Amino acid sequence: MIKIALKNISFLEKVSKIPILKYFFILKISEKFNEISSDTVLEKFYTDIYVSNKTSKRTYKNRFPDLNEISSEIIKEQKNPVIHDIAVSSGISSSEFYDFLIQNKLNSDFYISDKFAEIFVKKGFFTKAFDAENNLVFAYAGCFFAVDKNIYFPLTVLLHKILKKQKTPENFDYKLLLFHPDVLKKINTGELKFINYNIFQTKISEKFTFVRVMNILNLGYFNGEEVKTALKNILISMKENAVLLIGRTNSEGINNAGFYRKQNKKLIHLKDINKGSEIKHIIENL
Ligand SMILES: C[S@@+](CC[C@H](N)C(=O)[O-])C[C@H]1O[C@@H](n2cnc3c(N)ncnc32)[C@H](O)[C@@H]1O
């Protein structure tokens, strides 16, 4: 069955839509990720995963054309742009942003990060996948779906509870870097640089001239205090006059976002797109 799946992308696309089968198939063929050209399959695998802090990895192609346009105008004014795209999930929108800048003849140092970019896999009777915090994300036994904490079949809920109680393995058989193949290629060529960055903990001092934080610091995910902590870390990471783009895509696909400039340790409002960021009250009172 695995052989058929690998050779037949339309079969894989169908399978990837079936929650109880997708992880089994996709993990089995994970070494071949770079060869999978189907975005339907990739999107399912990368972005349906819910990580332990309840944020989702949902992202998709062509999400920010409006924001890329304005961002490139801002970056054009910068001498040696150093960009950081935070919490990028599969990174597809970073790759598109990078390509857009290159089309506009804008060179930059482009960094991407996502705390849960890596998944650690332990094979066994139950093959288990863990996130960066050692939490069980999903598991399967044989070719049967076993566990995904977000799919509520009574049996899977029970299995999830049981498996979660087991000791986390001390070492893993392999790890997956959950980036889109376009992103992996750009990482290999050095066009994009992957860095470890936890939005609540990592402190980088005055490095970036442009920081993008989309669809992570949402009030649905984190409370005001947590958002504040993350924003302070981001502010530290920005050079004087650097620009922050922050916001959220709504259920209709509209980007509500704001641009802010760092001046004297504050974030000064530059421009809103659509309704602006839902956390503008926090940003402006940092
Ligand atoms: C909804 S996705 C946003 C993807 C992309 N920025 C976009 O807007 O299309 C949120 C991402 O935040 C990441 N994430 C969650 N907690 C994080 C943390 N503490 N630090 C950094 N990234 C985190 C998740 O792994 C997930 O990939």
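Q: What do the buried residues of α8 pack against?
A: In this model, which is predicted, the buried residues of α8 pack against α6 and β8.

Q: Which residues of α8 are the buried ones?
A: Asp182, Val183 and Lys186 are the buried residues of α8. They cover an arc of only 95° around the axis, which puts them on the same side of α8.

Q: And what follows α8?
A: Gly190 follows α8, and the phi of Gly190 is positive, near 85°.

Q: How many residues does α6 have, and how far does it reach?
A: Helix α6 takes in residues 92-103, which makes 12 residues, and it reaches 17 Å from its first C-alpha to its last, close to the 16 Å expected at 1.5 Å a residue. Just after α6 comes Lys105, which takes a positive phi of about 60°.

Q: Switching to α9, which residues are buried there?
A: In α9 the buried residues are Val227, Ala230, Leu231, Ile234 and Ser237. Seen down the axis of α9, these buried residues fall within an arc of 115°, so they line one face of the helix.

Q: Why do residues three or four places apart in an α-helix point the same way?
A: An α-helix has 3.6 residues a turn, so residues with a spacing of three or four places point the same way.

Q: What does the buried part of α9 pack against?
A: The buried residues of α9 pack against the strands β1, β9 (208-214) and β10 (238-249), and also against the helix α10 (280-283). As for its span, α9 covers residues 224-237, has 14 residues, and reaches 20 Å from its first C-alpha to its last, close to the 20 Å expected at 1.5 Å a residue.

Q: Is β10 mostly covered or mostly open?
A: β10 is mostly covered, with 9 of its 12 residues buried.

Q: In which sense do β9 and β10 pair?
A: β9 and β10 pair in the parallel sense, over 6 bridges. As one of the pairings, Phe208 has Met238 in β10 as its bridge partner.

Q: And how do β10 and β11 run, parallel or antiparallel?
A: β10 and β11 run antiparallel and are joined by 7 bridges, and Val243 stands opposite Arg261 in β11. The hairpin of β10 and β11 has 5 residues between the strands, and in this hairpin Gly253 takes a positive phi near 85°.

Q: What about β11 and β12, how many bridges join them?
A: β11 and β12 are joined by 7 bridges and run antiparallel, with Tyr260 standing opposite His269 in β12. Their hairpin has 2 residues between the strands.

Q: Where is Asn264?
A: Asn264 is placed in the loop between β11 (255-263) and β12 (266-273), and it has a positive phi of about 50° although it is not a glycine.

Q: Why does Asn264 count as exposed?
A: Asn264 has 6 C-beta neighbours inside 10 Å, and therefore it counts as exposed, since the cut-off for exposed is 12 or fewer.

Q: Which residues are closest to the ligand?
A: The closest are Thr59, Ala87, Ser89, Phe116 and Asn215, and the ligand is surrounded by 22 residues. By class, this shell has 9 nonpolar, 8 polar and 5 charged residues.

Q: Is Asn215 buried or exposed?
A: Asn215 counts as buried because it has 22 C-beta neighbours inside 10 Å. Asn215 lies in the loop between β9 and α9 and has a positive phi of about 60° although it is not a glycine.

Q: How far apart are Asn62 and Glu96?
A: Asn62 and Glu96 are 34 residues apart in sequence and 7.5 Å apart in space, C-alpha to C-alpha. Asn62 is found in the loop between α4 (39-47) and α5, and with 10 C-beta neighbours inside 10 Å, Asn62 counts as exposed.

Q: How many helices and strands does the protein have?
A: The secondary structure comes to 10 helices and 12 strands, and buried residues make up 38% of the 286 residues in the protein.

How values were computed: Residues are numbered from 1 along each chain as its sequence is written. This is a predicted model: local features need pLDDT of at least 70, side-chain atom pairs count only at pLDDT 80 or more; totals for chains, interfaces and linings use all residues. A residue is near a molecule or strand if its C-beta atom, placed from the backbone, lies within 6 Å of it. Ala, Val, Leu, Ile, Met, Phe, Trp, Tyr, Cys and Pro count as nonpolar, Asp, Glu, Lys and Arg as charged, and the others, Gly among them, as polar. Helices (H or I, at least four residues) and strands (E, at least two) are DSSP runs, numbered from the N terminus. The expected span of a helix is 1.5 Å times one less than its number of residues. A residue is buried if 20 or more other C-beta atoms lie within 10 Å of its own, exposed if 12 or fewer, and partly exposed in between; C-beta atoms are placed from the backbone. The arc is that of the directions from the helix axis to the C-beta atoms. Two residues are in contact if their C-beta atoms, placed from the backbone, lie within 7 Å. Two strands pair if DSSP finds at least two bridges between them.
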